[in-house]
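Work through the exercises below with the sequence and the model open. Try each task before you read its solution.

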Amino acid sequence: MASLGLGEALEGDQDFMDQYSRGNPSAPWIKRVRWGRGIALFLAAVYFIVPFYAAMQFCLQNVNGGFSLAAFKEVGEAPGFYSALWLSTQLAIATMAIVLLLMVPTMIYVHLRLPRFRRVMEVITILPIVIPPIVLIVGVDGVAPLWLKSSQYLLAVVYVVLAMPYVYRSLDAGLGALDLKTLVEAARSLGSGWVSIIWRVLIPNMRSALLSASVLTLALVFGEFTIASLDGWTTIPVWIYLTPTTNPRINTLVAMMALFGTCVVLGLVVSLDRSRRNSRRS
Amino acid sequence: MDTQVPTTSSVSGSTPQTGAPVVLENLTRRFGTTKALDGFTLHIEPGEFVALLGPSGCGKTTALRVLAGFERPDIGKVVVDGQDVVHIPAQKRDMGMVFQSYSLFPNMSARDNVAFGLQLRHQRGTQRRTRAEELLALVGLAEHSAKYPHQLSGGQQQRVALARALAIEPRVLLLDEPLSALDAKVRAELRDQIRALQQRLMITTVFVTHDQEEALSMADRVCVMSRGRAEQIATPAELYSKPSTEFVAQFVGISSRVGVVRTGDTVSLFGRDVTIRGAAPEGAQSLDALLRPEDVDVVVNPTGLGIITHKSFLGATTRLEVGIGGAAVKADILSSGADVFELGTRVDLVANARDVLVSAPRPAT
């Protein structure tokens with residue numbers, strides 16, 4: 001894949017810097033760039049880490065101001081937590097499956113046969129961002145068949161629409177990095193049908209794009225409140241809001257756990273992808 | 001880069017194949033208002049190596065893509081081994097193809113790329129791997145079988161692509177400008193290797209190129225195309241020495257146009273009568289002769305009518321351009337005797353061709 005991880009980009013940058021500074025040891029601008037980069041990274045880190053740290057400290061301190069893991073136990077014992085977690089997990093899996101099954105063949109088709117339609121697709125996929133969630137759920141409720149209305153998977157259908165802008169952009173970048181036409185024609189000339197082409201040739205070469213689309217979808221499902229709430233389903237965000245508790249630290253901890261869980265999945269995905277790439281290189 | 005021509009031992013297990021006859025009959029293909037193919041017809045013998053040669057937009061790639069099954073002709077037939085394959089999809093035509101751009105699957109090693117087509121044909125794992133290794137040895141890449149495409153050079157990638165195309169034992173091998181992305185040295189080496197392989201395996205091969213040197217050096221026959229039609233289909237030697245049309249004469253090799261006067265079946269060329277080759281425009285007395293650089297000799301003469309305007313060293317030969325009577329005539333001489341010809345030297349030209357192709361004179365611009 002042509003996409004480059006942030007780490008690699010920075011490593012490459014470092015190589016260039018090292019090489020340049022060896023040839024030109026007194027180059028003061030390099031020092032300035034390094035300082036500038038350090039400050040920018042530090043400010044970004046402060047912006048993200050301080051609220052996270054404050055929230056975690058709030059969750060994990062006991063009444064005496066010391067450290068305690070009691071909040072975790074309370075989360076486990078809180079009524080409805082596991083069912084909300086299971087519902088959100090089911091919805092995340094269903095949404096990822098539907099959106100990828102729908103978008104991957106569509107995007108391949110558009111890239112191969114209707115390249116001019118990409119602009120239209122881009123506009124269409126932006127619509128879920130500008131349409132208010134209440135309009136979306138009311139609209140879908142109006143046309144959905146009864147069996148779907150009574151199922152939690154109605155939410156997955158709506159989440160597919162919400163995830164489209166992110167999934168479209170991830171897949172578009174992934175497909176744009178491939179010489180799609182040549183790969184498809186090469187596979188066809190060797191006797192491969194379309195299912196085999198997508199499964200054996202294209203999907204393995206779009207792995208990064210598919211992973212980023214999946215992680216973004218996962219984050220969206222685990223963070224979406226309005227639609228789930230309006231449709232009357234207790235997903236994790238709705239549970240956080242609804243759960244009556246005398247200890248607000250539990251709610252905060254669950255939110256932090258959802259955030260942390262998404263970060264862990266993202267980290268795993270990136271490191272797995274990198275280790276596969278490194279093993280291929282070696 | 002390892003570029004050895006395969007040895008007999010390296011092809012053990014690769015039995016010579018017999019190619020299929022191919023007939024492209026009256027193919028027409030339009031893209032909007034553009035006619036990419038306009039009644040194109042070509043008959044290819046089994047095991048023959050045919051090059052489609054022509055400028056950009058002449059329809060050569062479209063013809064190849066129609067044969068491969070990636071395009072469907074509006075009119076016409078594609079007959080392979082006696083069977084009309086127009087309605088058969090590309091994946092069922094059994095044609096191996098090597099593309100201009102590197103087409104290896106990036107997620108697979110060289111061996112897996114070669115084995116891909118065999119896997120689709122349900123060959124067993126060990127048999128498949130052995131066959132892939134054999135084919136990689138055939139193209140001189142046995143040691144690189146575990147490497148991924150990004151670890152291979154451009155020339156190596158194209159050789160893996162060739163091995164992959166050969167692995168499925170295709171009825172026809174299609175080569176769509178496979179050398180055009182390579183540097184000159186690798187291109188020359190791979191050119192020889194492809195030709196050697198084709199002759200060894202006797203696969204019917206269609207090779208698309210815009211490079212006349214490639215076409216003339218590799219193919220049994222060359223089909224020169226222009227505006228979707230075959231201008232001339234002939235052996236390289238015939239094409240070069242006896243172009244049937246002005247377009248072919250201009251496109252293949254280097255031609256100079258010189259105004260001449262016709263007398264019956266001959267024209268007067270630099271004071272010598274030379275027979276007209278082929279048909280000449282009816283009735284016209286003033287014509288243009290189309291001359292190859294080797295059709296004229298250059299002689300130094302301080303009172304000569306020609307004057308040397310350009311001089312290019314080409315290695316064994318040196319190309320001179322002589323301005324004479326408003327025409328610019330190119331002539332090749334041996335470099336060992338080129339010292340006497342400096343820019344501005346007065347010279348005479350002497351025609352040494354037995355016959356010459358003529359055309360109607362170009363209107364003055």
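A nonpolar core is a set of buried Ala, Val, Leu, Ile, Met, Phe, Trp, Tyr and Cys residues joined through C-beta atoms within 7 Å. Buried means 20 or more other C-beta atoms within 10 Å of a residue's own; exposed means 12 or fewer, and partly exposed lies in between, with C-beta atoms placed from the backbone. The model is predicted: local features need pLDDT of at least 70, side-chain atom pairs count only at pLDDT 80 or more, and totals for chains, interfaces and linings use all residues. Residues are numbered from 1 along each chain as its sequence is written, and chains are lettered from A in the order in which they are written.

**Exercise 1. The core**

Task: find which residues have the most contacts inside the largest nonpolar core.

Solution. Start with the core: it has 158 residues. Then pick out those with the most contacts inside it: B:Ala51, B:Leu67, B:Ala163, B:Leu174 and B:Ala289. Next, look for the element with the largest share: helix H8 (residues 153-176) of chain A gives 14 residues. Helices (H or I, at least four residues) and strands (E, at least two) are DSSP runs, numbered from the N terminus. Finally, inspect B:Ala51. Leaving out residues up to four places away in sequence, its contacts include B:Phe207, B:Met218 and B:Val222. Contact here means C-beta atoms, placed from the backbone, within 7 Å.

**Exercise 2. The chain contact**

Task: state how many residues each chain gives to the contact.

Solution. Chain A gives 16 residues and chain B gives 20. On the chain A side, helix H9 (180-189) and helix H10 (194-205) each supply at least two residues. The largest share of that side, six residues, belongs to H9(A).

**Exercise 3. A hairpin**

Task: identify the sense in which strands E9 and E10 of chain B pair.

Solution. Strands pair if DSSP finds at least two bridges between them. E9 (residues 221-226) and E10 (residues 229-234) of chain B are antiparallel, over five bridges. Within the pair, B:Val224 has B:Gln232 as its bridge partner. Two residues lie between the strands of this hairpin, and B:Arg227 in the turn has a positive phi of about 50°.

**Exercise 4. The barrel**

Task: give the order of the five strands that close into a barrel in chain B.

Solution. The order is E11-E12-E13-E20-E14, with mixed pairing. Now take one pair: E14 (residues 286-291) and E20 (residues 355-359) of chain B are antiparallel over three bridges. There, B:Leu290 stands opposite B:Leu357 of E20(B).

**Exercise 5. One residue**

Task: explain why B:Glu238 is classed as partly exposed.

Solution. Locate B:Glu238 in helix H7 (residues 236-241) of chain B. B:Glu238 is partly exposed because 14 other C-beta atoms lie within 10 Å.

Terms used:
Contact = placed C-beta atoms within 7 Å.
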